[in-house]
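Welcome, and thank you for taking a look. Could you give me a friendly tour of this protein, topic by topic?

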Amino acid sequence: VYFPLMKIAYFDAPTGLSGNMIIGAMLNVGLDLKYLAGEIKKLKMKGYSFKLEKILKKGVAATYFDVIVMDKKSKRSINEIFRIIKKSSLSPSIKQKSIKIFQRLFKAEAKVHGGHIDHLHETGATDAIIDIVGAVIGLDKLRIKEVYCSPLPYGYGHIKSEHGILPNPAPATVELLKGVPIYKKNIKAELVTPTGAAIITEFSKSFIDLPKMRLEKTGLGAGYFNLNESNILRLFIGETVTRFKDDLVVVIETNIDDLNPEFYDFIINDLMKAGALDAYITQIRMKKGRPGTCLSVISYIKNKEAILDMIFEQTSTLGARTYLIKRQKLKIKIIKVRIKYGTVKVKIGMA
């Protein structure tokens, strides 16, 4: 079965990302500001203007986008934000995607604050709403079908917020980035904002190295900070050059020699229900000639903790190995086929 090549976007974030950097990169790659402004007006919010300028970041030219807010209202309830979006004349698809990002953001904020949060502070302000909805509008206008992103860096130090002084990265950002490959940089700055984290984790299929593509356009969005390296977000837009799809998964393995073999059927069944992509056992010979079993689980990164918890709870192992691997796979489609015995599901690999 043949399926057409698609347009993909890759965000390379060597010094992190934020909502305004994402929009800046899209404007730099060709998104029309007048179009974006016209769509944002459909939210019917007042008291803001756009700042757009080409600036140099360590000799690299990039687009800096910012929202200048005259209305200093710094917090809104999640229901108030939903009303603004739902009452707008934006397309149903853009409304739905924008609301999903705010739901993700609100869930993270609520978990960080023990579930006792009614309003979003900085992330409920006018500029944050425009950044999130604007990112959705931009990706839609550029006709991006799939988004990928590099692993994300975080800095050190502390962050000033409505809640006081917080550790860097902000707790809400950490919550949003669960399951995302991250690494530390020796930079004293908030490199990934909660708004940026909410946008990229909603859209990105995987956080990997630059995927194979036939490159069409590149754009650079400038960040706020003046760092020892260019504070830019690079956007690559192109067409897939292979009909294989790349993604990143985690493999979890453990060697066990003191568990009743009859238990493995039940354990594997529970692991699959917990989100494992595959789970299987291999017979091995361990030290001193003892027969043993290697339990292997393949999982998306976001399910890693749940899988580990289940392995420790249901087996006798005291430790497990985990490592990331890349996969290349065909696009899969499941269809229903009617036979004389009833209807069965058939999985098709599309090349």
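Here is a short briefing, grouped by topic.

The model you see is predicted. The tour begins with a sheet and the helices beside it, goes on to a pocket and a cavity, and ends with some backbone details.

**The five-stranded sheet**

- Start with an open sheet of five strands, arranged in the order β15-β16-β14-β17-β18 with antiparallel pairing. The edge positions belong to β15 and β18 (342-350), and each has a single partner strand, so one side of each is left without a neighbour in the sheet. On average, neighbouring strands here are turned by 40° against each other, direction ignored.
- Strand β16 (residues 291-299) is largely enclosed by the rest of the structure, because eight of its nine residues are buried.
- On one side, β16 pairs with strand β15 (residues 276-285) in the antiparallel sense, over nine bridges. Within this pairing, A279 has V297 of β16 as its bridge partner.
- Strand β14 (residues 244-256) also runs antiparallel to β16, and seven bridges join the two. V297 of β16 turns up here too, as the bridge partner of I252.
- β14 is joined to strand β17 (residues 321-339) as well, by 10 bridges and again in antiparallel fashion. In that pairing, E253 has R321 of β17 as its bridge partner.

**Helices that pack on the sheet**

- Helix α8 (residues 264-273) packs on the sheet and touches β14, β15 and β16. The direction of α8 makes about 150° with that of β15.
- Helix α9 (residues 304-314) lies across β14, β15, β16 and β17. It runs at about 20° to β14.

**The largest pocket**

- How big is the largest pocket? Its volume is about 1,600 Å³.
- The pocket is lined by 43 residues, and the closest to its centre are R104, T201, S204, K205 and K302.
- Which helix gives the largest share of this lining? Helix α4 (residues 92-112) does, with seven residues.
- By type, the lining of the largest pocket divides into 20 charged, 17 nonpolar and six polar residues.

- The model has two cavities of 30 Å³ or more. The second largest cavity has a volume of about 40 Å³.
- Among the residues that line this second largest cavity are P153, Y154, N168, P169, T173 and V192. The lining splits into six nonpolar residues, three polar and one charged.
- T173, one of these lining residues, sits in helix α6 (residues 171-176). Is T173 buried or exposed? T173 is buried, because its relative accessible area is 1%, below the 20% cut-off.
- Leaving aside residues up to four places away in sequence, T173 touches V192, T193, P194 and A197.
- P169 is found in the loop between β9 (164-167) and α6.

**Positive phi angles in the backbone**

- K44 is a residue other than glycine with a positive phi, near 60°. You can find K44 in the loop between α2 (33-40) and β2 (48-57). K44 counts as exposed because its relative accessibility is 68%, over the 50% cut-off.
- R143 is not a glycine either, and has a positive phi of about 60°. R143 lies in the loop between α5 (126-141) and β6 (146-149). With a relative accessible area of 64%, R143 is exposed.
- K288 brings us back to the sheet: it belongs to the hairpin of β15 and β16, which has five residues between the strands. K288 takes a positive phi near 60°.

Methods: Residues numbered from 1 in each chain as written. Predicted model: local features only at pLDDT ≥ 70, side-chain atom pairs only at ≥ 80, totals over all residues. Heavy atoms only, no water. Helix = DSSP H or I, 4+ residues; strand = E, 2+ residues; numbered from the N terminus. Buried < 20%, exposed > 50% of the residue type's maximum accessible area, 1.4 Å probe, protein only. Contact = heavy atoms within 4.5 Å. 1 Å grid on protein atoms, 1.4 Å probe; cavity = no way out; pocket = protein on both sides within 12 Å on 5 of 7 lines; lining within 4 Å. Points joined across faces, edges and corners; volume = space filled by probe spheres on them. Nonpolar A, V, L, I, M, F, W, Y, C, P; charged D, E, K, R; others polar. Pairing = 2+ DSSP bridges. Axes fitted to C-alpha atoms, helices over the stretch in contact; angles between N-to-C directions.
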